[in-house]
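Here is a friendly walk through one protein chain, written for someone meeting it for the first time. Please keep the sequence and the 3D view open as you read.

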Amino acid sequence: MVQFLVGTALAASVSGTVTGDGTPLPYITIYAYDSRLSAVYDVTNSSGEFEILDLPAGQYRLLAIPPYTTNRVSRFWPSTNSYCASEPIVLTEEEQRTEVDFSLEEGGILVGRLLDSNGMAFANVDIQASAVEGSTNEGSISRLATTDADGWFQLMGLDGAADQPGQWS
């Protein structure tokens, strides 16, 4: 008689809460990147809680990205704008890591209006701001906005230090 033993991978999980000034933040996307930069994600609930399940044992770096309509900056865990400067979380089989919390600070806001050379508004145009290479906010996640019917846009969640503002292009 031949018998086969079929095993299942033992899955780990990571969970936590995302806040801003002590208030839970809903709709924040949390990505867990493995060593090959493959990612899985969860979105925080109304209490700012997330839980990423069924992770194979390994090393992960977590990234919290707020919606573009929220004036909060993106952060890698525990609190940096850079993947390389982030702290890896090492999970063993079946480990349930809890209290992997984020606190997202308010970002800068850029308000503008997009007009053609005749002063006519450009409506429904996507505007993107990306951190300038070599600036203090290099590595920050790009931010997006869309112009309204009158050409106005508002880019929110722009990262930069209080004493040295970030540079965006």
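Tyr41 is exposed, with a relative accessible area of 55%; here buried means under 20% relative accessible area, exposed over 50%, and partly exposed in between, with a 1.4 Å probe and protein chains only. You will find Tyr41 in strand 4, which covers residues 39–43. Strands (E, at least two residues) and helices (H or I, at least four) are DSSP runs, numbered from the N terminus. Together with Tyr27 and Val43, Tyr41 makes a nonpolar surface patch of about 370 Å². Such patches are made of residues with over 30% relative accessible area and no salt bridge, where nonpolar side chains (Val, Leu, Ile, Met, Phe, Trp, Tyr) are joined within 5 Å and like charges within 9 Å.

A word on what you are looking at: this is a predicted model, in which local features need pLDDT of at least 70 and side-chain atom pairs count only at pLDDT 80 or more, while totals for chains, interfaces and linings use all residues. Residues are numbered from 1 along each chain as its sequence is written, and side-chain values use heavy atoms, with hydrogens and water left out.

**The chain as a whole**

How many helices and strands are there in the chain? There are zero helices and 14 strands. Of the 169 residues, 34% count as buried. The accessible surface comes to about 10100 Å², and 50% of that belongs to carbon and sulfur atoms; these areas come from the Shrake-Rupley method with a 1.4 Å probe, and for residues only the protein chains shown count as cover. Among contacts with a separation of 6 or more, 66% are accounted for by residues 24 or more positions apart, where contact means heavy atoms within 4.5 Å.

**Rings that pair**

A pair of aromatic rings is described by the distance of the centres and the angle of the planes. A search of the whole structure finds four aromatic pairs. Rings of Phe, Tyr and Trp (its six-membered ring) pair if their centres lie within 6.5 Å; planes under 30 degrees apart count as stacked, over 60 as edge-to-face and the rest as tilted. One of the pairs brings us back to Tyr41: Tyr31 and Tyr41 are tilted, at 5.7 Å centre to centre and 45° between the planes. Tyr31 lies in strand 3 and Tyr41 in strand 4, so this pair ties together parts that are 10 residues apart in sequence. Tyr31 counts as partly exposed, at 25% relative accessibility. Another pair is Phe76 with Tyr83, edge-to-face at 5.8 Å centre to centre and 80° between the planes. Phe76 is buried, with a relative accessible area of 7%, whereas Tyr83 is partly exposed at 27%. Ring pairs also link Tyr31, Tyr33 and Tyr41 into a cluster.

Side chains of opposite charge can pair when their charged atoms come close. The structure holds four salt bridges, each a side-chain nitrogen of Lys or Arg within 4 Å of a carboxyl oxygen of Asp or Glu. The table includes three of them.

| Side chains | N to O distance |
|---|---|
| Arg75 and Glu105 | 2.7 Å |
| Arg75 and Asp159 | 2.7 Å |
| Arg97 and Glu95 | 3.0 Å |

Glu105 is partly exposed at 35%.

**Backbone details**

A cis peptide bond joins Trp77 and Pro78, with omega about 5°. Pro78 is found in the loop between strand 7 (75–76) and strand 8 (89–91). Leu37 has a positive phi of about 65° although it is not a glycine, and Leu37 sits in the loop between strand 3 (29–33) and strand 4. Glu99, also not a glycine, has a positive phi of about 60°. Glu99 is exposed, with a relative accessible area of 66%.
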